[in-house]
Amino acid sequence: MLLALLLSSCLSVGVDTIPPPPPTPGLVELIGIREQSPLFPGCSDIANFSKRKSCSDSLLMQYVYCNADYPPQAVAAKVEGIAVISFKVEVDGRINDPKLLRDPGYGLGKAALAPFQKMINDDLRWEPARTYYGGEKPVKVQFNFPVRFSLSPTPLEDGRPAVRPPAERIYLIADEMPIFPGCDKFPASERKQCSDQALIKFILGELIIPEVIRQNCFSGSTVVSFVVNKVGHIEQAEILRGPIAGLGNEVIRAIGLMNKRQMVWAPGRNGGKAVNVRLTFPLHINLK
């Protein structure tokens, strides 16, 4: 579903580069300062680099969190934590040398490494980094990536996702994304468009705009997020960016009306099983 990917224009994946050690004779120097960061594949058709990077960051986050599983032994021991993975993006875009910089134990480190090993196995080719000096010359870059593991079903304070146990896990993307009530009756090729349009139309149609804002001909945007759970109900609605000049609570109220009116979504599915899926999307209001 398109909505889950729209977050890419607003949030950063939170990947950091660390300064490399002094170069060793015979080894390729890792470049810590660069003109263009390496980009996860899937956004090469976007001409603007800033937008391409946001898209790439979002796809990288989705790939990692959809390919990391919470180890049963960590669930049994009620262990949470952050594993930090270091890896290199080579000049040809290949991922190389993924390793643990921080391991919370109980199998969390190994689980965090799995998505990066999968990148190697799948031969995913990144858009390589390029230096300030030399312009078009691709260079090797080292990354650190934190992978969070949380047993709590509630969102993290900073809005970033976490790997969760299967029973509580909230996906950013699924084999079949949730569909707005009624749109599941359309052919599969038309459901996404129907769902996107119906959701935005519903929220905008239910907003009660304060008169002082209406008189000022307000125009602005926010980023909204909520979870469609395994039975098609709405949970954890929140404003990730904004709110629209004080309209945040009103947007949340409008979203909550779907549950009050017993509007049941077609839930997202992975491997044929219903799963919890978080949808994130921009909302624009123009009162002119």
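User: Before we start, on what basis are residues numbered and features included?

Analyst: This is a predicted model, in which local features need pLDDT of at least 70 and side-chain atom pairs count only at pLDDT 80 or more, while totals for chains, interfaces and linings use all residues. Side-chain values use heavy atoms, with hydrogens and water left out, and residues are numbered along each chain as its sequence is written, from 1.

User: How are the axes of α2 and α4 oriented to each other?

Analyst: Helices here are DSSP runs of H or I with at least four residues, strands are runs of E with at least two, and both are numbered from the N terminus. The axes, which are lines fitted to C-alpha atoms over the stretch in contact, with angles running from 0 to 180 degrees between N-to-C directions, come within 8 Å for α2 (residues 49-66) and α4 (residues 108-121) and cross at roughly 110 degrees. Since angles of 65 to 115 degrees count as roughly perpendicular, α2 and α4 are therefore roughly perpendicular.

User: Which residues of α2 and α4 make the contact, and how many of them are charged?

Analyst: With contact meaning heavy atoms within 4.5 Å, α2 contributes L60, Y63 and V64, and α4 contributes P115, F116, K118 and M119. Asp, Glu, Lys and Arg count as charged, and by class the contact of α2 with α4 has six nonpolar residues, no polar ones and, as charged residues, one.

User: Is R278 buried or exposed, and which side chains make polar contacts with the side chain of R278?

Analyst: R278 lies in strand β11 (residues 273-286), and its relative accessible area of 11% makes it buried, a term for values under 20% with a 1.4 Å probe and protein chains only, exposed being over 50%. A polar contact is a pair of N or O atoms within 3.5 Å, one able to donate a hydrogen and the other to accept it, and residues adjacent in sequence count only if both atoms are side-chain atoms. The side chain of R278 has such a contact of 3.2 Å with that of E238 and another of 2.6 Å with that of S225.

User: Which side chain makes a polar contact with the side chain of S86?

Analyst: S86 belongs to strand β2 (residues 81-89) and is buried at 1% relative accessibility. Beyond its neighbours within four places in sequence, S86 touches residues including D97, K99 and F143. The polar contact, at 3.0 Å, is with the side chain of Q142.

Definitions and conventions. Parallel < 35°, antiparallel > 145°, perpendicular 65-115°, else oblique.
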